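This report describes a predicted model.

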Amino acid sequence: MTTMDILKNYFKNEFANRRAELGLSQEEMAENLNISLRSYSDLEHGKYCCSLSSFINYVNNCDADKDRLFSDFAEIFENGEN
């Protein structure tokens, strides 16, 4: 599995779980990330990895745990394959 595949899966789970915790619809979560509903749905289904701007919006608008996220990313990039 490539690092990109690992990241797609990570964001798929991260966004779906956080959306459920916040009690948001996919449409509301898409608004928080400033992307279309279709793009958000594709993210949550692991079809692609989120952009940097969507990630920043996620951190800023969804009260994400920044320390955990960056720790997880460090581990992904340390252990992933290209």
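## Arg18 and its contacts

Leaving aside residues up to four places away in sequence, Arg18 touches Met29, Tyr58, Cys62 and Asp63. Arg18 is part of helix H1. It counts as buried because its relative accessibility is 16%, and the limit for buried is under 20%.

Two backbone oxygens lie by the polar end of this side chain. The side chain of Arg18 reaches the backbone oxygen of Cys62 at 3.0 Å. A polar atom of the Arg18 side chain is also 3.5 Å from the backbone oxygen of Asp63.

## Tyr58

Tyr58 has Arg18 among its contacts, along with Glu14, Phe15, Met29, Leu33, Asp63, Ala64 and Leu69, again not counting residues up to four places away in sequence.

## The nonpolar core

The largest nonpolar core has 19 residues, of which Phe11, Phe15, Leu33, Tyr58, Leu69 and Phe73 touch the most other members. Each of H1, helix H2 (26-33), helix H3 (37-44), H4 and H5 supplies at least two residues of this core. The biggest contribution, four residues, is that of H1.

In soluble globular proteins, nonpolar side chains tend to be buried together.

## Helix H5

Helix H5 runs over residues 66-79, which makes 14 residues. From first C-alpha to last it reaches 20 Å, close to the 20 Å expected at 1.5 Å a residue. Its buried residues are Leu69, Phe73 and Ile76. They lie on the same side of H5, because the arc they cover around the axis is only 60°. Helix H1 (3-22) and helix H4 (52-61) are included in what covers these buried residues. Leu69 and Phe73 are also among the core residues that touch the most other members.

The face of H5 turned away from the buried side carries the exposed residues Asp67, Glu75, Glu78 and Asn79. At the start of the helix, a side-chain oxygen of Asp65 comes to within 3.3 Å of the backbone nitrogen of Asp67.

## Helix H3 and Tyr40

In H3 the buried residues are Tyr40, Ser41, Asp42, Leu43 and Glu44. What covers them includes H1 and H2. Just after H3, Gly46 takes a positive phi of about 75°.

Tyr40 is found in this helix and is buried, with a relative accessible area of 0%. Its contacts, not counting residues up to four places away in sequence, are Phe15, Ala16, Arg19, Gln26, Met29, Ala30, Leu33 and Ile35. Tyr40 and Gln26 are 14 residues apart in sequence, and their C-alpha atoms are 7.0 Å apart in space.

## Confidence

The protein chain averages a pLDDT of 93, and 96% of the residues score at least 70. Confidence is lowest in H5, with a mean of 92, and highest in H2, at 97. Where pLDDT is low, the predicted coordinates should not be read in detail.

Methods. Residues are numbered from 1 along each chain as its sequence is written. This is a predicted model: local features need pLDDT of at least 70, side-chain atom pairs count only at pLDDT 80 or more; totals for chains, interfaces and linings use all residues. Side-chain values use heavy atoms; hydrogens and water are left out. The expected span of a helix is 1.5 Å times one less than its number of residues. Buried means under 20% relative accessible area, exposed over 50%, partly exposed in between (1.4 Å probe, protein chains only). The arc is that of the directions from the helix axis to the C-beta atoms. Contact means heavy atoms within 4.5 Å. A polar contact is a pair of N or O atoms within 3.5 Å; within protein, one must be able to donate a hydrogen and the other to accept it, and residues adjacent in sequence count only if both atoms are side-chain atoms. A nonpolar core is a set of buried Ala, Val, Leu, Ile, Met, Phe, Trp, Tyr and Cys residues joined through side-chain atoms within 4.5 Å. pLDDT is the predictor's confidence in each residue, from 0 to 100.
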